[in-house]
Amino acid sequence: MNKKDKIKLFTSTLFELYPDALTELVYENEFQLLIAILMSAQTTDKQVNKVNRNFFHYLKKPQDWIDMWVDEIKDFIDSISFFNNKAENIYKTCILLKNEYKNIVPHDVDELQKLPWVWVKTAKVFLSVTDNAPFLWVDTHVHRVLNRVWFVTTKTPLQTDKIADNIFSKGDLAMIHNTLILFGRYNCNARKPNCETCKLQEVCRYYKNLKRN
Ligand code: SF4
């Protein structure tokens, strides 16, 4: 099978497996989505959702966070990593959103990065969810899967990120981003990938090597 056909099969298999792939973060509006993404750094989506089930009941717009005591916020989120830094930086983000953006989260990578603690990754993840924007942000899951199937041979997610956008067609990138994260999380996980039942066996170099040994 040539590379083009492999990519086609890879993409269609993922889209079939996760036809409604979206972020697993729970939110009710775009402001909450941005906050949830910021909270999820170095923490699982599951843990963020657990905290936000209660927290988002009180936090619907930037002013709600501004009106709370910082210690009160920390109490809400103290089960997630780096909660002190996260609470303080998200507070600053809320101030800026209120003062400079009329409480509306901007839909532009550069504008988003003007918010404290919003890096290019955050901006791309946010826009791929809200706007289906053509970004494929490479996290450890995406990096692992792309290396296992051998679309890339890289050592770090950062190296993979520099070339991953060019593997897939632009129109597929947002969907690929969401499906790959789910696929890496639930099918092709780091310790025990479900190779024996995987529909990507035909295009996967890792699986072929497994069978050879
Ligand atoms: S065959 Fe195994 S290693 Fe390859 S993509 Fe599927 S689960 Fe991952």
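Trainee: Let's start with α8. How many of its residues are buried?

Mentor: Eight of the eleven residues in α8 are buried, so take that helix as mostly covered, because buried here means under 20% relative accessible area. Keep in mind that this is a predicted model.

Trainee: Which residues of α8 are the buried ones?

Mentor: They are Thr122, Ala123, Lys124, Val125, Phe126, Leu127, Ser128 and Val129.

Trainee: And what covers them?

Mentor: The cover includes α2, α7 (109-112) and α11.

Trainee: What does the backbone do just after α8?

Mentor: Asn132 sits there, and it takes a positive phi of about 55°.

Trainee: You mentioned α11. How long is that helix?

Mentor: α11 covers residues 173-186, which makes 14 residues. From first C-alpha to last, α11 reaches 20 Å. That is close to the 20 Å expected at 1.5 Å a residue.

Trainee: Is α11 mostly covered or mostly open?

Mentor: Mostly covered. Eleven of the 14 residues in α11 are buried. Among them are Leu173, Ile176, Leu180 and Phe183.

Trainee: Which helices cover the buried part of α11?

Mentor: The cover includes α1 (3-17), α8 (120-130) and α9 (140-149).

Trainee: Pick me a residue in α1, then. Where is Thr11, and what does it touch?

Mentor: Thr11 lies in helix α1. Leaving out residues up to four places away in sequence, Thr11 touches Phe168, Asp172 and Ile176. Ile176 is one of the buried residues of α11.

Trainee: Why does Thr11 count as buried?

Mentor: Because its relative accessibility is 7%, and the cut-off for buried is under 20%.

Trainee: Switching topic. How is the chain divided?

Mentor: Into domain 1 (3-20 + 136-212) and domain 2 (30-130). Their C-alpha centres lie 29 Å apart.

Trainee: How many residues are in contact between the two domains?

Mentor: Five residues of domain 1 are in contact with six of domain 2.

Trainee: What is the volume of the largest pocket?

Mentor: About 920 Å³. It is lined by 33 residues, and the closest to its centre are Ser40, Thr43, Asp45, Lys121 and Asp139.

Trainee: What kinds of residues line the largest pocket?

Mentor: The lining has 16 nonpolar, ten polar and seven charged residues.

Trainee: Which residues lie nearest the centre of the largest cavity?

Mentor: Phe183, Cys188, Cys195, Cys198 and Cys204, out of 15 lining residues. By class, the lining has eleven nonpolar, three polar and one charged.

Trainee: Tell me about Cys188. Where is it, and is it buried or exposed?

Mentor: Cys188 is in the loop between α11 and α12. Cys188 is buried, with a relative accessible area of 10%.

Trainee: What is Cys188 in contact with?

Mentor: Setting aside neighbours within four places in sequence, Cys188 is in contact with Arg144, Val145, Arg148, Phe183 and Pro193. Phe183 also lies among the residues nearest the cavity centre.

Trainee: Last topic, loops. What is the phi of Gln42?

Mentor: Positive, about 60°, although Gln42 is not a glycine. Gln42 is found in the loop between α2 and α3.

Trainee: Is Gln42 buried or exposed?

Mentor: Exposed, at 67% relative accessibility.

Trainee: And what about Phe82, where does it lie and what is its phi?

Mentor: Phe82 lies in the loop between α5 (70-77) and α6 (83-101). Its phi is near 55°, a positive value in a residue other than glycine.

Note on methods. Residues numbered from 1 in each chain as written. Predicted model: local features only at pLDDT ≥ 70, side-chain atom pairs only at ≥ 80, totals over all residues. Heavy atoms only, no water. Helix = DSSP H or I, 4+ residues; strand = E, 2+ residues; numbered from the N terminus. Expected span 1.5 Å × (residues − 1). Buried < 20%, exposed > 50% of the residue type's maximum accessible area, 1.4 Å probe, protein only. Contact = heavy atoms within 4.5 Å. 1 Å grid on protein atoms, 1.4 Å probe; cavity = no way out; pocket = protein on both sides within 12 Å on 5 of 7 lines; lining within 4 Å. Nonpolar A, V, L, I, M, F, W, Y, C, P; charged D, E, K, R; others polar. Domains from an automatic or database assignment. Points joined across faces, edges and corners; volume = space filled by probe spheres on them.
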